[in-house]
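Please look over the sequence and the structure shown here, and then follow the paragraphs below from one part of the chain to the next.

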Amino acid sequence: MTNRLFKALMTSAVLGLSATTAISAAECIAPANPGGGWDFTCRQIGKIMYDIKAVDKPVQVTNMPGAGGGLAYNHVVSERSDDGDLIVAASSATTTRLAQNAYAGMTADQVRFVGAIGADPGVIVVAADSPFQTLGDMVEAIKADPGSVAFAGGSAVGGFDHLKPLMILKEGGFTDITKVKYIGVDGGADAITQTVGGFTQAMTGDMSEVVSFLSNGDIRVIAVLTEERVPGFDDIPTAKEQGFDVVAVNWRGLYVPKDISDEKFDEWASKLQQVADSPEWAQAMTDNGLAPFTKVGGDFQAYVDGLVSDINAMSKELGVIQ
């Protein structure tokens, strides 16, 4: 038997495995630099999939920053639309950009959203030595001088990170959002670096992106954008309790290429569900300030379709898009 024939037979055998057996040679693309939320999603989910034997080889993580996730999205749609061994980290930022046509005409139906298994609470962050002690302090400073506070975030202009402070300011009675300074960078780690370095006065992002910086004492989180305080971070007040009725969580999940088989889609949904049900993922959520949020398969795809529609409407209301 030739090596080529043997490899072909082995590939066929792997592709024919049921949803409860292992997938070989999986790759997870994180559409940002190491250290951000998408990188966290790939590395944590990939590691746990291997640890619990949902896959038979370690998941390779490829960082592909650029265009706020658009480079990776274009790569998947244009070059790997039928790659059944590929998963890609996604979040509310992904659906926001798709809702706002930020990926140069690409649409949400060009991939398949396979699932989300955690919600990352939104946060507003300042450097440790910032004069802002509360969210109210920051809002009042912006109302007095809109150009005095610049935000850095891991999403593009008009993206989900950008929307968070705009929603807070709207609640605080400030409506001229075009005067609010925002700098979009590739990932939360870069956004924190901008803020700690004094290039911006605040960072808007997610809890998982700031945990290590918080433990190092580099930053302070002046508000978490959840209904209630996050377990394990009970000293951080919510925006709601500070008088700003804003809840903005960032689901953490995956999409896969559109043209893979339904069987392969269901396999990945099953793997993600196994991770969601594992004690390893429960610990990862606790360690990184994530809240439970499990939707997989067709249920999650329907959720994303609705989310894209809702974000589009909200963006128009805020004046981010026409």
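**A loop, a strand and a helix**

Ser130 sits in the loop that links strand S4 (111-127) to helix H5 (135-144), where helices (H or I, at least four residues) and strands (E, at least two) are DSSP runs numbered from the N terminus. The model is a predicted one, in which local features need pLDDT of at least 70 and side-chain atom pairs count only at pLDDT 80 or more, while totals for chains, interfaces and linings use all residues. Residues are numbered from 1 along each chain as its sequence is written, and side-chain values use heavy atoms, with hydrogens and water left out.

Ser130 has a relative accessibility of 10% and therefore counts as buried, a term that means under 20% relative accessible area, as against over 50% for exposed and partly exposed in between, with a 1.4 Å probe and protein chains only. The side chain of Ser130 also reaches the backbone nitrogen of Phe132, at 3.1 Å.

Strand S4, on one side of this loop, has 17 of its 17 residues buried, so the strand is largely enclosed by the rest of the structure. Which strands does S4 pair with in the antiparallel sense? Pairing here requires that DSSP finds at least two bridges between two strands. With strand S9 (residues 249-257), S4 pairs antiparallel over nine bridges, and Pro121 has Val249 as its bridge partner in S9. Strand S8 (residues 219-224) is joined to S4 in the antiparallel sense by five bridges, with Ile219 of S8 as the bridge partner of Ala127. Strand S7 (residues 202-206) also runs antiparallel to S4, through four bridges, and Thr204 in S7 is the bridge partner of Ile124. Strand S10 (residues 295-296) pairs with S4 over two bridges, again in the antiparallel sense, and Lys295 in S10 is the partner of Ala116. As a general point, the side chains of a regular strand alternate between the two faces of the sheet.

Is Leu307 buried or exposed? Leu307 is buried, because its relative accessible area is 16%. Not counting residues up to four places away in sequence, Leu307 touches Thr95 and Trp251, where contact means heavy atoms within 4.5 Å. Gly243 is 64 residues from Leu307 along the chain, and the C-alpha atoms of these two residues are separated by 26 Å.

Definitions and conventions. A polar contact is a pair of N or O atoms within 3.5 Å; within protein, one must be able to donate a hydrogen and the other to accept it, and residues adjacent in sequence count only if both atoms are side-chain atoms.
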